[in-house]
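Have a look at the model first, then read on.

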Amino acid sequence: MAQRKKGQAQSAAVGEETAVHGGAAARPHVTHCGSESQQWETVALTLQGGGALGAYQAGVYEGLFEAGISPNWIAGISIGALNTALIAGNAPEHRVARLREFWETICQPAYSPPLPPFIEHALFNANASVRKTFTAMQAAGAIVEGQKGFFVPRFPPPLPNASGHPEKASYYDTKPLKVTLERLCDFDRINSGETRVSVGAVNVGSGNFVYFDNTTTRLRPEHFIASGSLPPGFAAVEIDGEYYWDGGLMSNTPLYEVIQTTPRRDTLAFQVDLWSARGPVPDNIVDVQGRMKDIQYSSRTRLVTDILQRSQRYRHVLREVLDRIAPEHANDPWVALADELSCSRKYNVIHLIYRHKEYEGHFKDYQFGISTMREHWTSGLQDIRASLAQPGWLDKPDNDSGFVTHDIHRDMRGHGG
């Protein structure tokens, strides 16, 4: 109990810091939803890839923690995999602090001294034109020198047609990230089974999508780095004789893995997306590049959710029909098969989708400015607080599909991502 109070106090302090640096309003009264979430067998946190946008996920986690909700399954891809390592690799009372330490670290230039805070704050909070120019310069800085504790340019840079080792076939080296993860994450805790952990990657040789899961594999830093190794920026990571790239190349959303797992369980899933499928039609080449990323990496989460919901509806209706079958037909082979395919489990998916800011360009996924990071974090914190404040949103569905979805932006404003 003492540790729990200490953790809540720590989270409160971090929340106040977010409000100061991120421009959020003072923290509202927190509704503790831990008891409501306990009705679920699985409480999953699924984290999409999106580079610098991943601070939004850290804000979402902070809101879950302050509400007393503790996921027992965390699944991530790319930057979502790194956030997964930080959450699962620390005791609950230290997770928000470790997430903040990670993001405060990687949002600094790899070699140059960071701008004094008052200059950073002034430039970021100037007019729209200054902010756009400033954030574009920060993105250019990431390309030129990398980010502290994350990645640095290879020197000399690789020649396009020069053959070499697969682990060096990239423009950047992620060795600093391995050091950062080993410093901030307890991999014994990750592999303890306290929380189920899954991270997605693509096998470069076979082209197959795989999930590394701590129920079947002892996870190391390499598994999480592989999940975020997007070529040609980052090289393939060797694991047990095979090479892996970023899972976002094939599927950037881990929700399907969680919902479709067997044996099926009553599941409350917080799906945290960093790319919105919905957005304005671009009218210039720069915005075209950004919109392409939104569509490509959103992985059509809404469509995936709709498909999962329809599938569960068929299983759920089948279960209801079977319950009305006369006992004398129980041994019929078709009834036995129907019983195997049916399912009475309940699913509740709460979408949290980052909303594109007007000042952001096509480089938003590698614009690691400290002020931008804090704004992303605050956006996630605000969205999860607003979602948890909605009556009944954590309840099991009472409908013919046994499946329900919620999205604070869609449900409150009539549209979603």
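Which residue in β11 does Tyr-347 stand opposite? Point 1 has that, after a word on the ground rules. This is a predicted model, where local features need pLDDT of at least 70 and side-chain atom pairs count only at pLDDT 80 or more, while totals for chains, interfaces and linings use all residues. Residues are numbered from 1 along each chain as its sequence is written, and side-chain values use heavy atoms, with hydrogens and water left out.

1. Tyr-347 stands opposite Phe-403 in β11. Strands β10 (residues 347-353) and β11 (residues 403-407) run parallel and are joined by five bridges. (Two strands pair if DSSP finds at least two bridges between them; strands are DSSP runs of E with at least two residues, helices are runs of H or I with at least four, and both are numbered from the N terminus.) Four of the five residues of β11 are buried, where buried means under 20% relative accessible area, exposed over 50% and partly exposed in between, with a 1.4 Å probe and protein chains only.

2. Strand β2 (residues 73-77) has five of its five residues buried, so it is largely enclosed by the rest of the structure. Trp-73, Ala-75 and Ile-77 are buried on one side, and Ile-74 and Gly-76 on the other. Ile-74 has partners in two strands: Leu-45 is bridged to it, and Val-197 in β5 is its other bridge partner.

3. What joins β2 to those strands? β1 (residues 42-47) runs parallel to β2, with four bridges. From β1 the chain passes through helix α3 (residues 55-66) to β2 in a right-handed β-α-β crossover (with the strands pointing away from the viewer, the path from the first strand over the helix to the second runs clockwise). The pairing of β2 with β5 (residues 196-203) is also parallel, over five bridges.

4. On to the rings. The count is 14 aromatic pairs, taking Phe, Tyr and Trp (its six-membered ring) with centres within 6.5 Å; planes under 30 degrees apart are stacked, over 60 edge-to-face and the rest tilted. Phe-151 and Tyr-172 make an edge-to-face pair, 5.2 Å centre to centre with 80° between the planes. Phe-151 is in the loop between α7 (128-145) and β3 (152-153) and Tyr-172 is in β4 (residues 172-173), so the pair ties together parts 21 residues apart in sequence.

5. The charged end of Arg-131 is over Tyr-359, 4.6 Å from the ring centre. Lys-396 lies over the face of Trp-40 at 5.8 Å.6. The largest pocket holds about 670 Å³ of space. (On a 1 Å grid over the protein atoms alone, a pocket is an open set of points where a 1.4 Å probe fits, with protein on both sides within 12 Å along at least five of seven lines; lining residues have an atom within 4 Å of a point. Points are joined across faces, edges and corners, and the volume is the space filled by probe spheres set on them.) Its lining has 32 residues, with Leu-230, Gly-233, Phe-234, Asp-365 and Tyr-366 nearest the centre.

Technical notes:
A charge sits over a ring if NZ of Lys or CZ of Arg is within 6 Å of the ring centre and within 35 degrees of the ring normal.
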